Amino acid sequence: MAEARVLLLLSGRPRPAGFAQSVCGLLGGGAGGPWPAHCGLRRGQLLLSAEPFPGATARLPLQRPAFCPFAALDRQPAPPGAALPADRGVDLAVAVVLQSSDQAVLLTRRTRTLRVSPNLWVPPGGHVEPGEALLDAGLRELWEESGLQLPRDQFSWVPLGLWESAYPPRLSWGPPRYHHIVLYLLVVSRETQQQLQARIQPNPSEVSAVLWLGPDAAAAVAVSEDGTEAPRQLSQDLPPSVLALELDEGGEARPLALPMSTLLQATPATADGTERVSTGTKFALRLWLQHLGRVTPLPWGTGAPVDPGPAKEERHMDPLPPGQASGKPSA
């Protein structure tokens, strides 16, 4: 069995999180959420606990979707014929919510040909490699997917929250084949959206389109996952479409008027390749807006406010030694 990437501190002892069990459930999460998770971070490894512990470096909101298949499996046996991995744990991933100096965030659309989560709008992100620092992993994924390298000393960063992710995302799509804890990092650039966009070179094997989302549109998207498939009515304050850049078959970028209604789609009951924003991304957008002071904080399971705090060095998790937070991808 590969080295455990996510460990849970239960009854005072760390142990690997099992693939088929809900991390939120093991940490005491019932209905609702998010729940407070105390985090200890090592290079490429995450330790989570519902209670404070020596070495914890952050307290972050942990959330899962209402239809999380692992939560369902906690309540009922696996469907007949479902082969859930018995020798795998929970993987660790990181996603970068890149904010420009004029307060827009970058989303990318995953290509239709990807095996996992095709055609979804998400922030750049992916697996944390063994021994890799979390910020390094996020900057590497940002570079690999968008071609962006952030100049040294031109950004600050802060952890936003944790998301329990499954694929397929619903049991009605089939038994889960992937189980991740995704750490969303807010990376705040000193460059404008226009300056950043001028350097973006999407990787066509992973990304089919990019867009920048402002706070007003992000607020509508963030609350659009309500457990139903019914499309929401567009607010009169929202534009009917947002400007994106789409790659053609030759890899050239062309303008795309993306209907706002596409970004408000909820997760369907059956797998149909619907273009939409991922549920975890909507959670991250809500935390970003809270960080800006644009929305009321999400409540913790205990009723205390979620407060990721300002982007200060002491909030950093798994801090890099001086000179390594350069924005350059890891080797």
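Where is Thr111 found relative to β7 and β8? In this predicted model, local features need pLDDT of at least 70 and side-chain atom pairs count only at pLDDT 80 or more, whereas totals for chains, interfaces and linings use all residues. Residues are numbered from 1 along each chain as its sequence is written, and side-chain values use heavy atoms, with hydrogens and water left out.

Thr111 lies in the loop between β7 (105-110) and β8 (120-122); helices (H or I, at least four residues) and strands (E, at least two) are DSSP runs, numbered from the N terminus. Thr111 counts as buried because its relative accessibility is 7%, where buried means under 20% relative accessible area, exposed over 50% and partly exposed in between (1.4 Å probe, protein chains only). Leaving aside residues up to four places away in sequence, Thr111 touches Pro118, Asn119, Pro204, Ser205, Glu206, Val207 and Ser208, a contact being heavy atoms within 4.5 Å.

The loop between β7 and β8 also holds Ser117 and Asn119. Ser117 has a phi near 50°, a positive value in a residue other than glycine. With a relative accessibility of 17%, Ser117 is classed as buried. For Asn119, phi is near 65°, again positive in a residue other than glycine. Asn119 is buried, its relative accessible area being 3%, and is one of the residues touched by Thr111.

A cis peptide bond joins Tyr167 to Pro168, with omega near -5°. Pro168 is located in the loop between β10 (155-167) and β11 (178-189).
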